[in-house]
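This report covers pockets and aromatic ring pairs. The sequence and model come next, followed by the terms and the computed values.

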Amino acid sequence: MESTLKFDKTNLKLRIVFFLVGLLIMALGISIIAISNFGNGPWDAVNIGLSEKTGLSIGLCMNIVAFIQIIIGGIIRKEFPNIATMITSIFLGLFVDFWMLFLGNIVITETLMKFSVFILALPIISIGISIYLVSKLPNTPLDYFMLAIKSKLNLSLMMSKITSESIGLVLGFILGGTIGIGTIIIILAIGPMIQYLQKPCNYVFCKLSQKTEITAA
């Protein structure tokens with residue numbers, strides 16, 4: 001999952017489509033979770049808390065936090081920060097702001113409805129992430145930050161993910177972002193969903209890639 005400029009340039013146009021579509025779907029899921037008010041992902045709670053403190057849009061706050069993650073990740077790894085990962089963050093932030101234009105004014109008060117909307121968002125986010133990962137274009141600043149922790153502390157991928165999410169959890173709490181049982185569900189559920197969805201997403205990409213090559217020939 002490490003972000004890099006040395007991505008596979010084969011079928012680049014198709015990869016860009018998967019990249020943008022995946023981020024658009026992922027942003028929809030993030031926006032739905034935000035309006036469910038049932039508990040956000042740890043770093044989403046940071047973004048939302050910062051947005052409420054500053055009055056800036058959630059998308060803009062996502063990019064501010066992402067830039068900080070990149071800088072810290074570069075310092076930890078003792079390298080020039082991989083600014084290419086901001087590409088993903090910028091698009092994701094823009095897409096979240098786009099969806100919030102339609103969903104931002106929705107207020108859900110009943111607990112059962114909050115939970116239902118929250119559960120609906122989980123597979124949407126997972127599908128979006130799975131599609132965008134297939135593109136093999138630059139990953140998110142959070143992935144870059146997580147991998148920096150992994151290399152610095154010599155942790156497993158799972159433990160480095162837990163560590164980075166725990167940092168987000170603490171910061172989200174400090175900033176007053178919405179943290180609840182949903183936050184824990186996200187940490188436990190998103191990973192397995194992505195793992196399950198990766199195979200069919202890769203299959204679809206390979207099939208479309210083959211058709212593209214045949215058409216070009």
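## Ring pairs: terms and basis

Rings of Phe, Tyr and Trp (its six-membered ring) count as a pair if their centres lie within 6.5 Å; planes under 30 degrees apart are stacked, over 60 edge-to-face, and the rest tilted. The model is predicted: local features need pLDDT of at least 70 and side-chain atom pairs count only at pLDDT 80 or more, while totals for chains, interfaces and linings use all residues. Residues are numbered from 1 along each chain as its sequence is written, and side-chain values use heavy atoms, with hydrogens and water left out.

## Aromatic pairs

The structure has 9 aromatic pairs. In one of them, Phe 19 and Tyr 132 have ring centres 6.3 Å apart and planes at 65°, so the pair is edge-to-face. Phe 19 belongs to helix α1 and Tyr 132 to helix α5, 113 residues apart, which makes this a link between distant parts of the chain. Helices here are DSSP runs (H or I, at least four residues), numbered from the N terminus. Phe 19 and Tyr 132 are buried (under 20% relative accessible area with a 1.4 Å probe, protein chains only). Ring pairs also join Phe 19, Phe 91, Phe 95 and Tyr 132 into a cluster.

A tilted pair is formed by Phe 38 and Phe 118, at 5.2 Å centre to centre and 45° between the planes. Phe 38 sits in the loop between α1 and α2, and Phe 118 in helix α5, 80 residues apart. Both of these residues, Phe 38 and Phe 118, are buried.

## Largest pocket

A pocket is an open set of points on a 1 Å grid over the protein atoms alone where a 1.4 Å probe fits, with protein on both sides within 12 Å along at least five of seven lines; lining residues have an atom within 4 Å of a point. Volume is the space filled by probe spheres set on the points, which are joined across faces, edges and corners.

The largest pocket has a volume of about 1,200 Å³. Its lining comprises 39 residues, with Ile 129, Leu 142, Lys 161, Glu 165 and Ile 190 nearest the centre. Helix α8 gives the most to this lining, with 8 residues. By class, the lining has 27 nonpolar, 8 polar and 4 charged residues (Ala, Val, Leu, Ile, Met, Phe, Trp, Tyr, Cys and Pro are nonpolar; Asp, Glu, Lys and Arg charged; the others, Gly among them, polar).

## Second largest pocket

The second largest pocket holds about 240 Å³ of space. Of its 14 lining residues, Ala 34, Ile 35, Ile 48, Glu 52 and Met 100 are the closest to the centre. Helix α2 gives the most to the lining of this pocket, with 3 residues.

Notes. Helices (H or I, at least four residues) and strands (E, at least two) are DSSP runs, numbered from the N terminus. Buried means under 20% relative accessible area, exposed over 50%, partly exposed in between (1.4 Å probe, protein chains only).
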